[in-house]
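I opened this notebook to record a few look-ups in one structure. The entries follow in the order in which I made them.

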Amino acid sequence: MTDNEIWKRIREKLRSEFGEATFNSWLKNIELEKIDGDTVSLTLPTRFLRDWVSNNYATRIRQLWCAADSAIRNIEIRVKPLDRKNSASQKPTIGFAETGSPFIGGATPIITEVANPDPSLMSSLDPRLTFDNFVVGKSNELAHAAARRVTEAKDSIPFNPLYLYGGVGLGKTHLMHAIGHAIATNSPQKKVLYLSAEKFMYRFIRALRYKDTMNFKEQFRSVDVLMIDDVQFIAGKDSTQEEFFHTFNALVDQNHQIIISGDRSPTDLEGMEERMRSRLGWGLVADIHPTDYELRLGILQSKVEQGNIDIEPRILEFLAHRITSNVRELEGALNRVLAYSELVGRAVTLESTQEVLRDLLRANDRRITIEEIQKKVAEHFNIRMSDMHSARRARAVARPRQVAMYLAKQLTSRSLPEIGRKFGGRDHTTVMHALRKIDQLREQDVALSEDIELLRRMLE
Ligand code: ADP
Ligand code: MG
């Protein structure tokens, strides 16, 4: 496949994944400029588009590209203004360029926004992000329960605002969309508005620009439920903060529900005025903690069930163990593995998973060494460390050795030959045999299975 063909396919994939509207607004104008070594250079006509696409879609584009061509490691997105002669119709709609504002040029999304001043909720809610699709675990149960509670309130408001916070990719946006869907179902008469703090700011700036702030205030103050995502974005943006503060107070006074998300607790929001920080903490503050293994596995299982995907459970276990950073990355890893298998027409294996995700695994690596594994396993089964390398084949030492190889495969990024070498220079087929054997035994032997689980926890 040529680079252009790959790009064409990826475009189609993006179109079907994100939908026609999103594609036309943001992704349509991306052009493939060149491929240089392991870096793909894409261009967009404005800085605004470039920033937006970089923040929201670059990861996915990169994943698709890596899946199609394993030589690719990076995606670079640059600004390349449209050729004016060929695009007379694409006049800039808003000319803020000199002031350094992100509103530059004739980008489609700005035209649509101007033409569509009524912020409608449903258009911006992602149908996949529902309570049904949200997997609850220890780390997110408070946030989840609070979100549910908000949607069940009939006349009284349980807490105002609900402030959800946690690291990136842990489900804040998912919960907010889920709240939106649930309210739309339970109380269809309620006017709900969801938007990112970034959009709030752009709308506000635009209102200022068009001397339309009355209308702006009106729109925001007439909603029953206002959700603002990623509020940390307006920290340090004083006039937007000021406006937000007034909107906030007006809604609280009318007893309308506000739900806010942020990447840190209200008290830790630097660049946010003290009065704003204290207001944000008035209601219920619920934090989402990093995921644990069980939750990660649960999320993967639920994705696989929803998509009716056929994949071995041990691949899911592997991913849940190894991709620990956040849920977005975990989902991305699963998608990448599946995309690869679809592309080459072969079932997913542990080997192919490790190959496709090599860069990601390295980044998530907690650098457990094979030596550590050998040491822990030897201690646990009460054999000598030297038996990990020895040629002795008595079951009392051979079995623990196989367990150690099995854990080495699961917990490190080492290849089979590399693992073999660390076990007294054994052949990779011996390692493969050990992996199969342990897989088999785990199904019959509960005690062994528990031993392995225990060892794994200790090592992690
Ligand atoms: P945040 O807004 O906190 O950065 P998102 O809500 O965008 O994170 O979540 C990132 C991705 O992970 C989304 O695709 C979301 O559906 C998924 N996700 C996060 N938490 C869960 C969960 N508990 N169950 C199912 N999917 C989840
Ligand atoms: Mg988010």
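**Cavity, pocket and helix look-ups**

I began with the second largest cavity and found that the largest share of its lining, three residues, comes from α18. I note that the model is a predicted one.

I listed the lining of this second largest cavity as R314, L350, Y406, K409, Q410 and L435. By class, I recorded three nonpolar residues, one polar and two charged. The space inside the second largest cavity is about 30 Å³, and I counted two cavities of 30 Å³ or more in the structure.

I then turned to the second largest pocket, whose volume is about 420 Å³. Its lining comprises 20 residues, and those closest to the centre are T412, S413, R414, S415 and E418. I sorted the lining of this pocket into eleven charged, five polar and four nonpolar residues. At least two lining residues come from each of α15 (350-356), α16 (358-364), α17 (370-381), α18 (395-411) and α19 (416-422).

Last, I looked up helix α8, which covers residues 197-209 and has 13 residues. From first C-alpha to last, α8 reaches 18 Å, close to the 18 Å expected at 1.5 Å a residue. I noted its buried residues as A197, E198, F200, M201, Y202, R203, F204, R206 and A207. Just after α8, I recorded a positive phi of about 50 degrees at K211.

How values were computed: Residues numbered from 1 in each chain as written. Chains lettered and ligands numbered in written order. Predicted model: local features only at pLDDT ≥ 70, side-chain atom pairs only at ≥ 80, totals over all residues. Heavy atoms only, no water. Helix = DSSP H or I, 4+ residues; strand = E, 2+ residues; numbered from the N terminus. Expected span 1.5 Å × (residues − 1). Buried < 20%, exposed > 50% of the residue type's maximum accessible area, 1.4 Å probe, protein only. 1 Å grid on protein atoms, 1.4 Å probe; cavity = no way out; pocket = protein on both sides within 12 Å on 5 of 7 lines; lining within 4 Å. Points joined across faces, edges and corners; volume = space filled by probe spheres on them. Nonpolar A, V, L, I, M, F, W, Y, C, P; charged D, E, K, R; others polar.
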